[in-house]
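Student: I would like to go through this structure label by label. Can we test each one against its cut-off?

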Amino acid sequence: MTDTQALQRTTVPERIAVPGAGPAPVPGRRSPRADWRKRGEIALLSGPALIMFVGFVILPVAMAAFYGFFKWNGFGWPTEFIGLDNYRMMWEDDTFRQAVLHNGVIVVLSLLLQGPVAILFALLLNQRIRGRSVIRVLIFVPYVISEVIVGIGWSLMLQDAGALNSLLEKWGLGFLQQSWIADPSIAMGSLMIIITWKYLGFAVILMLAGMQSIPEELYEAAAIDGAGFWKIQWSITVPLLGPTIRIWAFLSIIGSLQLFDLVNIIWGQYIAATAGTSTMATYMYQNGHLAGSYGYGNAVAVMLFLITLIVALVYQRFVLRRDTDGALTGEGGRRRK
């Protein structure tokens, strides 16, 4: 045997027989019984949630779409089929178009007002200051208060003879008294102040949670390089807070499109439209439930659902996709990128 052959023989691994050891196990296919068992476990665990989702989400939406094609007063089975007349009347109604516009204004103003203020409060509460825990609780308290209590409280304060105008008169500022909830020129501003006060705490808590996940080493490195406080926040905190901001913006948009309770409680069923604060949800309640036209009300509910769904899908497709793609791992995630 040559030296080359001996070297090759030593580098090639050989199977070493172990006395008493059986053959190496060969991986085989899972038995049909194991597959059916796994499917049964999945069905058992997800079945109740699926039944609840179908019964309380899918079925009501389908029934609302069905009733929207009828002229129906809410009693008995609908029989007067009118096709798309409810939808046609809806879009021909100036009041409904104004309600859609009001929802759009609320969406934009909520993002512009709550977002920057929430980030500033979160930056403040993320520092080591005295009474930080108490301030966090006080900011979050309005969010956990019931909308009914908030609506009644603000309506009492903002009435013409309410606490705010009385306080202005007592301070000698009677010239600043306004019809805060009846004047169309300022009613939307009053609504946005109430919404910001009510939901700011939720945004602050989300921003704080996002800031807690940012590594402290990044701030230390930036400080060593000589960056100031605001430069650090603009270059490190805000970019890394992007996923949290996008999630909060998504929740704010959906909530603004479905806003009902505060408007209905503060402005009531009649003054909301004339004061310029009506929304699609209040329009549905007034022209469907209160008017006894449940077929028309269901058509408005379907339209509200479709508008919200389209906005959610578009937002997820063009804004949230970067976050979902970034969460993918493995070969499939690399191919999508």
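Student: How many aromatic pairs does a search of the whole structure find?

Tutor: This is a predicted model. The search finds 18 aromatic pairs in it.

Student: Why is the pair of F69 and Y87 called tilted?

Tutor: The ring centres are 6.1 Å apart, and the limit for a pair is 6.5 Å. The planes meet at 55°. Stacked needs under 30 degrees, and edge-to-face needs over 60.

Student: Are F69 and Y87 buried, partly exposed or exposed?

Tutor: Buried means under 20% relative accessible area, and exposed means over 50%. F69 has 28% relative accessibility, so F69 is partly exposed. Y87 has 13%, so Y87 counts as buried.

Student: What makes F229 and W230 an edge-to-face pair?

Tutor: Their planes are 80° apart, and the label asks for over 60. The centre-to-centre distance is 5.1 Å, which is within 6.5 Å.

Student: Which residues do ring pairs link into a cluster?

Tutor: The cluster holds F66, Y67, F69, F70, W72, W77, F81, Y87 and Y294.

Student: What puts the charge of R39 over the ring of W36?

Tutor: R39 lies over the face of W36, 5.1 Å from the ring centre. The distance limit is 6 Å. R317 also has its charged end over a ring: that of F318, at 5.3 Å from the centre.

Student: Why is N298 called buried?

Tutor: N298 has 17% relative accessibility, under the 20% limit, so N298 counts as buried. This residue lies in helix α14 (residues 294-318). Leaving out residues up to four places away in sequence, N298 touches A64, Y67, G68 and W72.

Student: Which residues have the most contacts inside the largest nonpolar core?

Tutor: They are M90, F96, V204 and M207, in a core of 35 residues. The elements giving two or more residues to this core are α3, α4 (94-125), α8 (184-212), α11 (242-257), α13 (280-290) and α14.

Student: What does M90 contact beyond its neighbours within four places in sequence?

Tutor: M90 is in contact with F96, Y296, A299, V300 and M303. A second, separate core has 20 residues, including W180, M188, V263 and W267.

Student: Why is I149 called exposed?

Tutor: I149 has 56% relative accessibility, over the 50% cut-off, so I149 counts as exposed. I149 lies in helix α6 (residues 147-158).

Student: What pLDDT does the chain average?

Tutor: The average is 85, and 87% of the residues score at least 70. Residues 10-18 fall below 50, and that stretch has 1 contact beyond near neighbours in sequence. Residues 328-337 are below 50 too, with 6 such contacts.

Terms used: Residues numbered from 1 in each chain as written. Predicted model: local features only at pLDDT ≥ 70, side-chain atom pairs only at ≥ 80, totals over all residues. Heavy atoms only, no water. Phe/Tyr/Trp six-rings, centres within 6.5 Å; stacked < 30°, edge-to-face > 60°. Buried < 20%, exposed > 50% of the residue type's maximum accessible area, 1.4 Å probe, protein only. Lys NZ or Arg CZ within 6 Å of the ring centre and 35° of its normal. Helix = DSSP H or I, 4+ residues; strand = E, 2+ residues; numbered from the N terminus. Contact = heavy atoms within 4.5 Å. pLDDT = per-residue confidence, 0-100. Core = buried A, V, L, I, M, F, W, Y, C linked by side-chain atoms within 4.5 Å.
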